[in-house]
Amino acid sequence: MQIAHSIEDLRRLLKPAKQRTFVPTMGNLHAGHLELVKVAKQTLPDAMSVASIFVNRLQFGPNEDFDSYPRTMQADIDKLEKEGVYILFAPTERDLYPQPQE
């Protein structure tokens, strides 16, 4: 599995693909996430499979703790590799949001 940490890396890795599947996540993967990967691969078996892991602070409310959200990157990588995901997009917050967001 290739891991892209920037948008530029992702674009480069996606370039040769005619079709792609994409499963966006915030990590801490469970069976539901992996089922989405399986369905995507079954739906378009010749497509390049891509998943993302990005814990997005904008998805947390004012009383929800962004900092305590479980981050299990290595376990998630292992699970995605086992499912045959071709690219993992794991960007930094700064890459997705060059300007601070509120």
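**Entry 1: terms and ground rules**

Before looking at any side chain I wrote down what I count as a polar contact: a pair of N or O atoms within 3.5 Å, where, within protein, one must be able to donate a hydrogen and the other to accept it, and where residues adjacent in sequence count only if both atoms are side-chain atoms. I noted that this is a predicted model, in which local features need pLDDT of at least 70 and side-chain atom pairs count only at pLDDT 80 or more, while totals for chains, interfaces and linings use all residues. Residues are numbered from 1 along each chain as its sequence is written, and side-chain values use heavy atoms, with hydrogens and water left out.

**Entry 2: asparagine 56**

I began with asparagine 56, whose side chain reaches the backbone nitrogen of leucine 58 at 2.9 Å. I found asparagine 56 in the loop between β3 and α3, where helices (H or I, at least four residues) and strands (E, at least two) are DSSP runs numbered from the N terminus. Is asparagine 56 buried or exposed? Its relative accessibility is 11%, so I count asparagine 56 as buried, a word that means under 20% relative accessible area, with exposed meaning over 50% and partly exposed in between (1.4 Å probe, protein chains only). Not counting residues up to four places away in sequence, asparagine 56 touches Met26, Phe66 and Tyr97, where contact means heavy atoms within 4.5 Å.

**Entry 3: the sheet**

I then traced the strands and found that 4 of them form an open sheet in the order β1-β4-β3-β2, with parallel pairing. β1 (2–4) and β2 stand at the edges with a single partner strand each, so one side of each is left without a neighbour in the sheet. The twist averages 20° from one strand to the next; axes here are lines fitted to C-alpha atoms, for helices over the stretch in contact, and angles run from 0 to 180 degrees between N-to-C directions.

**Entry 4: strand β3 and serine 49**

How many residues of β3 are buried? I counted 6 of its 6 residues as buried, with Met48, Val50 and Ser52 on one side and Ser49, Ala51 and Ile53 on the other. Serine 49 lies in this strand, which covers residues 48–53, and has a relative accessible area of 4%. The side chain of serine 49 reaches the backbone oxygen of glycine 84 at 3.3 Å. Leaving aside its neighbours within four places in sequence, I listed Thr21, Lys41, Gly84, Val85, Tyr86 and Ile87 as the contacts of serine 49.

**Entry 5: leucine 88**

Leucine 88 belongs to strand β4 (residues 87–89) and is buried, with a relative accessible area of 0%. From C-alpha to C-alpha, leucine 88 and serine 49 are 8.8 Å apart in space, although 39 residues separate them in sequence. Among the residues that leucine 88 touches, not counting those up to four places away in sequence, are Met1, Ile3, Ala51, Ile53, Ile77 and Leu80.

**Entry 6: the helices**

I found helix α1 (residues 7–14) lying across β1, β2, β3 and β4, running at about 160° to β4. Its buried residues are Leu10, Leu13 and Leu14, and down the axis of α1 they fall within an arc of 95°, so they line one face of the helix; the arc is that of the directions from the helix axis to the C-beta atoms. These buried residues of α1 pack against β1, β2, β3 and β4, whereas Glu8, Arg11 and Arg12 are exposed on the other side of α1.

In α2 I listed His33, Leu34, Val37 and Ala40 as buried, and these fall within an arc of 115°, so they too line one face of their helix. What covers the buried residues of α2 includes β2 (20–25) and α3 (73–82), while Ala31, Gln42 and Thr43 on the other side of α2 are exposed. Lastly, I noted that α3 lies across β1, β3 and β4, running at about 165° to β3.

How values were computed:
Pairing = 2+ DSSP bridges.
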